[in-house]
Amino acid sequence: MTKLTKRVHVAVGVILNNNKQILLAKRHGHLHQGGKWEFPGGKVESDETVTQALIRELKEEVNITVNSSAPFMDISHNYPDKHVRLDIHLVTDFSGEAKGMEQQQIEWVSLQQLADYDFPEANKPILNRILAEFEI
Ligand SMILES: Nc1nc2c([nH]c(=O)n2[C@H]2C[C@H](O)[C@@H](COP(=O)(O)OP(=O)(O)OP(=O)(O)O)O2)c(=O)[nH]1
Ligand SMILES: [Mg+2]
C-alpha cells in the first residue's frame, strides 16, 4: 500500500525589531515538531497568496500587523512524517505588541542568543542565514 506523505506550504515570518531581536514562539507539545521554537507562521490556504497567509497568520498567532515583508528564503524539508515548504519572509515593518494569541510562549531573542534555542531541523539554514546577514 502506498502511503502519501503529508505536504504543507508554510508562510513563515522572521520578525526583526529595532533592537535587533527576533520573535520566536514555542510550538505546543502536541503539534508536529512540538516543544521546539519556531518563527511564527502557518499553512498557506488554497485561496490565498503567501503574503496574505503571512499577514493572517502573524495576526492570528502573535498579534503582529505586517505592514510590509520581503522574501528571505525558501526551504523544502522532508521530515519522516511530513514534507514542508517554508516560504520565509523578513518582516521589519510591523505594528502591534507581540502576544502569544494561542497561549504559546513567545520571546524576543537577540541575535546572540538565537543559537541557544532548539529549532526544528528544517530551520538550520534559516539560522545560519540570519546570523550571516545581520552579522553578530
Ligand atoms: N511556523 C513555522 N513552522 C515551521 C517552522 N519550522 C518547521 O519545520 N515548521 C513546520 C512545522 C509544521 O509542520 C509546519 C507549520 O505548520 P502549522 O504551524 O500550520 O502547523 P500545525 O502544527 O498547526 O499543523 P497541522 O497539525 O494543522 O497540520 O511547518 C518554523 O520556523 N515556523
Ligand atoms: Mg502555525
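I will start with Q33, which lies in the loop between β2 and β3. Q33 is not a glycine, yet its phi is positive, at about 60 degrees.

Some conventions before I go on. This is a predicted model, in which local features need pLDDT of at least 70 and side-chain atom pairs count only at pLDDT 80 or more, while totals for chains, interfaces and linings use all residues. Residues are numbered from 1 along each chain as its sequence is written, and chains are lettered from A and ligands numbered from 1 in the order in which they are written.

Back to Q33: is it buried, exposed or in between? Q33 counts as partly exposed because 17 other C-beta atoms lie within 10 Å. The scale is this: 20 or more other C-beta atoms within 10 Å of a residue's own means buried, 12 or fewer means exposed, and anything in between is partly exposed, with C-beta atoms placed from the backbone.

Q103 also has a positive phi of about 60 degrees without being a glycine. Q103 sits in the loop between β6 and β7 (106-110). With 6 other C-beta atoms within 10 Å, Q103 is exposed.

Now the overall layout. The protein has two helices and seven strands, and along the sequence they run β-β-β-β-α-β-β-β-α. For 136 residues, a compact globule would have a radius of gyration near 14 Å, and the protein agrees because its own value is 14 Å. That radius is taken over C-alpha atoms, and the globule rule is 2.2 Å times the number of residues to the power 0.38. The C-alpha atoms fill a box of roughly 55 × 30 × 30 Å along the principal axes.

On contacts, two residues count if their C-beta atoms, placed from the backbone, lie within 7 Å. Of the contacts with a separation of 6 or more, 68% join residues 24 or more positions apart.

UniProt lists residues 7-133 as "domain: Nudix hydrolase", in an unreviewed entry. UniProt positions are in the numbering used here, feature names are shortened, and annotations may be inferred rather than shown by experiment. Over residues 7-133 the chain is 18% helix and 43% strand, with end C-alpha atoms 29 Å apart.

The unreviewed entry also carries a "binding site" annotation, on R27, H32, E38, F39, P40, G41 and N123. These positions are spread over 97 residues of sequence but cluster in space, with a largest C-alpha distance of 14.2 Å. H32 is in the loop between β2 (21-26) and β3 (37-38), and H32 is partly exposed because it has 13 C-beta neighbours inside 10 Å. E38 is in strand β3; with 22 C-beta neighbours inside 10 Å, E38 is buried. Beyond four places in sequence, E38 touches L24, A25, R27 and P120.

L24, one of the contacts of E38, is in strand β2. L24 is buried, with 22 other C-beta atoms within 10 Å. Its C-alpha is 9.3 Å from that of Y117, 93 residues away in sequence.

Last, the core. In soluble globular proteins, nonpolar side chains tend to be buried together. A nonpolar core here is a set of buried Ala, Val, Leu, Ile, Met, Phe, Trp, Tyr and Cys residues joined through C-beta atoms within 7 Å. The largest has 29 residues, and A11, V14, I15, L54 and V66 touch the most other members. At least two residues come from each of β1, β2, α1 (50-62), β6 and α2 (124-133), and α1 gives the most, with six. Setting aside residues up to four places away, L54 touches A11, G13, G41, V66, S69 and H89.

Conventions
Helices (H or I, at least four residues) and strands (E, at least two) are DSSP runs, numbered from the N terminus.
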